[in-house]
Amino acid sequence: MKKLLAFIMAAVMLLALTACGKKNGGNDEKPNGEGLSGDVTFMVIDSFNSDDNALQAATDAFMKANPNVYVTIEYVASTSIQEKFTTAALAGSGPDVIALDSAGWAVDAAAAGLLKPLDNELKPIADQFFEGPLNSGIYNGSYYSVPWYMNNEGLYYNKTILAAAGVENPPATWDELVDAIAKVKAAGYEGITMPYFFPSYYMYPFFYQAGCPIVDTTGAKPVSALMTDEGKAAWKYLCDLATTYDAYPESIKDATSWDSTYAPFMQGEVAFLFCGDWAYWSVEFNSEVDYGIAPMPAGKEAATLLGGYTLSINGNTKNYDAAWAYIQWLTAAEQSNVLESYGRISARIDTDTTELVKNYPHEATFVAQRESTMSRPSIINQSELDEMVSNAYKEVFLGTKDADTALADLDAKVSTFLHGLYS
């Protein structure tokens, strides 16, 4: 808990957020009508501020249906939205509705007392959403975010390299991945490029596929699950990729960004890239590689890692009912076309993805993996867990520790970390 308090105090020291945003409808007059009333501000990443701006159109439709509610959308860069919201909320202000990354942001904000719990409203409709996005916003057994859109991790593969290596199909299992890597390397190519600056993103699905949650959150307090048989099996497989099968090119040690992670794949040097749907835009439009996208190779079970954004309500809101009504509007089945226009996958189970896949064919694999998409462990300061897992794997990759020692040390660090947060 000391680390969490330090995080909050650091945020308080930041400058107060200056209110900014785009007024809906292009004027300052607020319509009148019956029903809900009041102002609502929605803070969202700026990629939604597109030319056709379907989000704005959906918001205008919401205001037409609720003429006493006036919604302002505030667009913020994805690299700064978490900090801007946290700073404002700690100062007692901020947007009424906030879009938060599903990578633990809602949990941290809830633990800091910055969000309203949503159990009363969300639990009756929870079965409308996929489990992975739902789980990403749970803190102390309560929901603090509503799933909005999702993505997940898939396997990009170089068709030319696989053909040259005599690999007929992209690997669908752990064993097939190992076999494909051996054949690819025998043909003179490298096996896998992965985000060396952030390897936990690439690693978590393998733990889930082995049946290991990494952190067991089913008890009264979260505990490490790394030393279970399932955890050891996943760790051994991942370490064997680095040490026994030499799956990674040496150049990935210099990869300090997503672009430098993509480079070996885009240059036709590496057979496989594990990444989400966002890699498509770089691979498709900035390389000549003949590629495909397949589901993550499965272990004991199929699993991949959740990405995307959820919607939460600021604990400081003065207009909870209107804020909730707006979230309901944006996450309703009738608004799925809004996300579709941006090429994003709705987190709703009942969404018809036919048009999405028609317009964005590369999304087919990610859509097919929705049911097997799992969130990161729902713990406070989840990003620190990411860093510990990443650093432990790098120790094996660099040869400074053997796999068994690195796992034992990692388990001890994670256990100490969790005890400090939840004691």
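Reader: How many cavities of 30 Å³ or more does a search of the whole structure find, and what makes a space a cavity?

Author: The search finds two. A cavity is a set of points, on a 1 Å grid over the protein atoms alone, where a 1.4 Å probe fits but cannot get out; lining residues have an atom within 4 Å of a point. The model is predicted: local features need pLDDT of at least 70, side-chain atom pairs count only at pLDDT 80 or more, and totals for chains, interfaces and linings use all residues. Residues are numbered from 1 along each chain as its sequence is written, and side-chain values use heavy atoms, with hydrogens and water left out.

Reader: What is the volume of the largest cavity, and which residues are closest to its centre?

Author: The volume is about 60 Å³, counted as the space filled by probe spheres set on the grid points, which are joined across faces, edges and corners. Ten residues line the largest cavity, and Gln 82, Thr 86, Trp 105, Asp 108 and Ala 109 are the closest to its centre. Helix H3 (81-90) and helix H4 (105-111) each give two or more residues to this lining; helices are DSSP runs of H or I with at least four residues, strands are runs of E with at least two, and both are numbered from the N terminus.

Reader: How do the linings of the two cavities divide by class?

Author: The lining of the largest cavity has seven nonpolar, two polar and one charged residues. For the second largest cavity, of about 40 Å³, the lining has three nonpolar, six polar and one charged residues. Ala, Val, Leu, Ile, Met, Phe, Trp, Tyr, Cys and Pro count as nonpolar, Asp, Glu, Lys and Arg as charged, and the others, Gly among them, as polar. Among the residues lining the second largest cavity are Gly 104, Arg 376 and Pro 377.

Reader: Why is Cys 275 called buried?

Author: Buried means under 20% relative accessible area, exposed over 50%, and partly exposed in between (1.4 Å probe, protein chains only). Cys 275 has a relative accessible area of 0%, so Cys 275 is buried. In the protein chain, 55% of the 423 residues count as buried.

Reader: Where is Cys 275 found, and what is Cys 275 in contact with?

Author: Cys 275 is found in strand S11 (residues 270-275). Beyond its neighbours within four places in sequence, its contacts (heavy atoms within 4.5 Å) include Asn 152, Tyr 201, Trp 258 and Phe 366.

Terms used
1 Å grid on protein atoms, 1.4 Å probe; cavity = no way out; pocket = protein on both sides within 12 Å on 5 of 7 lines; lining within 4 Å.
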